[in-house]
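Subject: Structure handed over, with notes

Dear colleague,

Please find below the structure I promised to pass on, together with its sequence. My notes on what was found in it follow directly after.

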Amino acid sequence: MVEHDVLCFGETMAMFVAEQCGDLAQVAGFGKRIAGADSNVAIGLARLGLRVNWLSRVGDDSLGAFVLASLRGEGVDCTHVEIDPAHPTGFQLKARCDDGSDPQVEYFRRGSAASRMSPAQLCSELLNARHLHATGIVPALSASCRDLARQLLDAMRAKGRSVSFDPNLRPSLWPNRQTMVQEINALAVKADWVLPGLEEGRLLTGRQTPEAIAGFYLEHGVQCVAIKLGAEGAYLCDARGAEGVVAPCPVAQVVDTVGAGDAFAVGVVSALLEGHDLHRAVARGNWCGSRAVQSRGDMEGLPQRHELNAHEGRFGG
């Protein structure tokens, strides 16, 4: 029986990145890559040597083949990715920004194969992973995706597996704010580790400070919370009383902010799975995030294991 360290699930899209700066309507040339917050984390964990299983769906088209080849090339197990002959692989257009600002992104994912994910894809082999990483994107894609997310988190919790959750809010995919907050929090409180950004935490809890936001989730049974504070680093708090702010890693130039939160999740989750304490896990998350913002592309800056070892070796391993 094959066992994995981590199970990730979600939608990977093809991404066409502008080769010149400017409005997308005026750009003539694009480079082809892949994108998707959930698969960014899967790739990042695989680069660090963890055995990662990926659950998803792609269309029976050239973009789907490109997505699968890219994920397999990163060492991600795609055995449980279904190929849908009736619905396409989603894609997005992404502008190029050289000033560190958030790039313009246009999505073409409505009716995609991944939006047809459902609990019918669950099987016992998937639940053999020792950890599940989930985000708030999957439940926003469709009702069947929402059912999948709920059942998968419940099944992994029932088996005693650890679960991490990154809200990764996408308001445009929800019918209204109230539904988004209700559904995301219902999933978040099923997790052991919750990783929101500060503004996400404020929106989801109605509380303003990192301490109060963390308190909301701890009150609902979450074991630890790490809140991304951008240039201020990250705040951490856990059920055993650990608390504090971990300073950010200095960055000479911000190139592309997309994917920084996913990189943070890679650092935190990998460190906690290796048995490190929350402070060290958040420090690793900050470093992974700092690499992401210095690289063009959503996941190109995610480190390899030898790069992480060299970095952490400077601080005593």
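A crossing of two helices is called left-handed if the near helix is turned anticlockwise from the far one by less than a right angle, and right-handed if it is turned clockwise. Helices (H or I, at least four residues) and strands (E, at least two) are DSSP runs, numbered from the N terminus. Please keep in mind that this is a predicted model, in which local features need pLDDT of at least 70 and side-chain atom pairs count only at pLDDT 80 or more, while totals for chains, interfaces and linings use all residues. Residues are numbered from 1 along each chain as its sequence is written, and side-chain values use heavy atoms, with hydrogens and water left out.

α1 passes α8 in a right-handed crossing. The contact (heavy atoms within 4.5 Å) is made by Ala-37, Asn-40, Val-41, Gly-44 and Leu-45 on the α1 side, and by Asp-262, Ala-265, Val-266, Val-269 and Ser-270 on the α8 side. These residues divide into 6 nonpolar, 3 polar and 1 charged, where Ala, Val, Leu, Ile, Met, Phe, Trp, Tyr, Cys and Pro count as nonpolar, Asp, Glu, Lys and Arg as charged, and the others, Gly among them, as polar. The axes of α1 (residues 37-47) and α8 (residues 260-273) come within 9 Å and cross at roughly 45 degrees, which makes α1 oblique to α8. Axes here are lines fitted to C-alpha atoms, for helices over the stretch in contact, with angles from 0 to 180 degrees between N-to-C directions; angles under 35 degrees count as roughly parallel, over 145 as roughly antiparallel, 65 to 115 as roughly perpendicular and the rest as oblique.

Helix α1 is also mostly covered, as 11 of its 11 residues are buried, buried meaning under 20% relative accessible area, exposed over 50% and partly exposed in between (1.4 Å probe, protein chains only). After α1 comes Gly-49, with a positive phi near 95 degrees.

Turning to the strands, the model has an open sheet of 9 strands with mixed pairing, in the order β5-β4-β1-β8-β9-β10-β11-β12-β13; two strands pair if DSSP finds at least two bridges between them. Its edge strands, each pairing on one side only, are β5 (77-84) and β13 (243-246). Strands β9 (residues 162-166) and β10 (residues 193-194) pair in the parallel sense over 2 bridges, and Ser-164 has Trp-193 of β10 as its bridge partner. The pairing of β10 with β11 is parallel over 2 bridges, with Val-225 of β11 as the bridge partner of Val-194.

Strand β11 is mostly covered, with 5 of its 5 residues buried: Cys-224, Ala-226 and Lys-228 point one way, and Val-225 and Ile-227 the other. β11 and β12 pair in the antiparallel sense over 5 bridges, and they form a hairpin with 5 residues between them, in whose turn Gly-230 has a positive phi of about 65 degrees. Helix α7 (residues 210-219) lies across β10, β11, β12 and β13, running at about 145 degrees to β11.

Asn-168, in the loop between β9 and α5 (177-188), has a positive phi of about 45 degrees although it is not a glycine, and Asn-168 is buried, with a relative accessible area of 9%. Pro-250, in the loop between β13 and α8, counts as exposed because its relative accessibility is 79%.

With kind regards
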